[in-house]
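Please read through the structure below with the following explanation beside it. The text starts at the ligand and then turns to the chain.

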Amino acid sequence: MSGARLSVDLGRFRANLRELRRRAAPAEAMLVVKCDAYGHGLDRIVAAAAAEGVRWFGAFDSATAVRVRKVTGDGARIFAWVTMTDDELTRAAQASVTLGVGDAGYLERIAAVSRGRALPVHLKIDTGLHRSGIRPEAWGAFVQRAAELEAAGEIRVDGVWSHIAEVSDRDDDIARAAFLDAVSIAEAAGLRPTVRHLAASAAGAARPEFRFDLVRFGAFAYGIRSAGAPSPDGVVPTATLLAPVIEIGERAVTVGVGTLDGLPATLAGCFDVGTPGGPRRLLRIDRVTSTVRPWPGVAVGDEVAVWGPGALGEPSPTDLAETIGTVGEEVMVRLSPLVPREYRVRRHPGRG
Ligand SMILES: *Cc1c(COP(=O)(O)O)cnc(C)c1O
């Protein structure tokens with residue numbers, strides 16, 4: 001491999017969580033850990049969040065949910081919202097995973113594997129994103145059916161939820177109104193959803209009326225800001241992608257990071273990496289190496305920071321993403337799983 005490594009500052013991560021939990025209160029904060037905890041490494045991230053007092057984890061799929069349960073033990077609430085096969089459902093039920101349900105057929109399948117275990121579910125209304133979720137015109141019949149299955153002891157409707165675009169306040173406001181209608185209709189059908197959740201990072205951090213009982217924080221927990229917007233105060237990138245100096249030429253320094261590590265080749269020439277001598281332009285990106293403009297005193301074994309919190313003058317993942325028209329999460333999760341993750345655990349003062 002190239003020699004690149006991802007250094008994850010768990011103290012910084014916990015400080016971000018403290019800040020986000022402080023903002024969200026009295027709503028609770030869910031930590032979303034899809035895509036191997038946004039590339040940070042699932043197990044260590046879940047353990048750090050649990051130690052920080054996080055009770056809710058957003059796992060996306062069944063395999064991730066079961067792995068989260070192994071780390072947290074009983075006590076934590078684990079939410080998984082991708083549709084599962086019957087085998088996966090059985091495993092998720094054994095691990096006491098709360099299932100996000102946005103499809104009438106899926107609700108029936110959950111009831112069918114339940115055998116009277118009152119499996120916990122959160123029902124999803126489509127508030128306009130059209131990704132998944134029950135359309136408003138079908139919601140009345142859906143919650144009626146859910147109430148029957150709850151009365152029969154097959155499911156327990158703990159929550160109602162949705163997902164919003166968080167691109168324009170106006171669209172989000174319309175989605176929020178549709179969400180409130182859906183909650184009222186569910187209550188009129190006799191359901192008592194005590195966990196209502198709508199917001200991810202951006203709306204959850206900025207807009208109190210979107211927090212309800214729970215906010216699903218992904219990107220901000222890892223310090224990844226939204227494209228086109230500043231970082232919320234107290235939220236700082238938790239990971240630094242580091243690459244060693246391998247060879248020194250007069251006009252270019254070769255460093256060990258390349259496209260095989262997941263660095264998009266289109267970034268060549270677009271930005272400065274952080275070096276011990278300050279920011280220097282990244283000139284070229286090859287498969288396992290890249291080249292950077294030299295700095296005074298450069299030595300083999302020095303490390304450059306490709307992205308991170310900015311300690312060596314490097315850009316953040318979102319800064320990089322903006323130069324190629326994508327989002328910070330994309331830059332993070334493209335990082336190859338073969339790049340070693342290393343963890344620093346020093347407590348960070350942070351706020352909160
Ligand atoms: C990814 C995801 C989140 C987290 O979104 P961020 O913008 O990264 O905070 C929340 N909810 C759902 C359903 C998601 O898929």
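A polar contact is a pair of N or O atoms within 3.5 Å; within protein, one of the two must be able to donate a hydrogen and the other to accept it, and residues adjacent in sequence count only if both atoms are side-chain atoms. In this predicted model, a polar side-chain atom of Tyr38 lies 2.7 Å from an oxygen atom of the ligand. Lys34 likewise has a polar side-chain atom 2.7 Å from a ligand oxygen. For Ser201, an N or O atom of the side chain is 2.5 Å from an oxygen atom of the ligand. The protein covers 89% of the 390 Å² of accessible area that the ligand has on its own (areas from the Shrake-Rupley method with a 1.4 Å probe).

The model is predicted, so local features need pLDDT of at least 70 and side-chain atom pairs count only at pLDDT 80 or more, while totals for chains, interfaces and linings use all residues. Residues are numbered from 1 along each chain as its sequence is written, and side-chain values use heavy atoms, with hydrogens and water left out.

The residues surrounding the ligand include Val32, Trp81, Trp161, His163, Arg216 and Phe217. A residue is near a molecule if one of its heavy atoms lies within 4 Å of it. The shell divides into seven nonpolar, three polar and two charged residues; Ala, Val, Leu, Ile, Met, Phe, Trp, Tyr, Cys and Pro count as nonpolar, Asp, Glu, Lys and Arg as charged, and the others, Gly among them, as polar. Helix H2 (34-38) and strand E9 (214-217) each supply at least two residues of this shell.

Helices (H or I, at least four residues) and strands (E, at least two) are DSSP runs, numbered from the N terminus. The chain has eleven helices and 16 strands. Its C-alpha trace spans about 75 × 40 × 35 Å along the principal axes.

Two backbone details remain. A cis peptide bond, with omega of about 10°, joins Ala25 and Pro26. Pro26 is in the loop between helix H1 (10-24) and strand E2 (28-32). Cys35 lies in helix H2 and has a positive phi of about 55°, although it is not a glycine.
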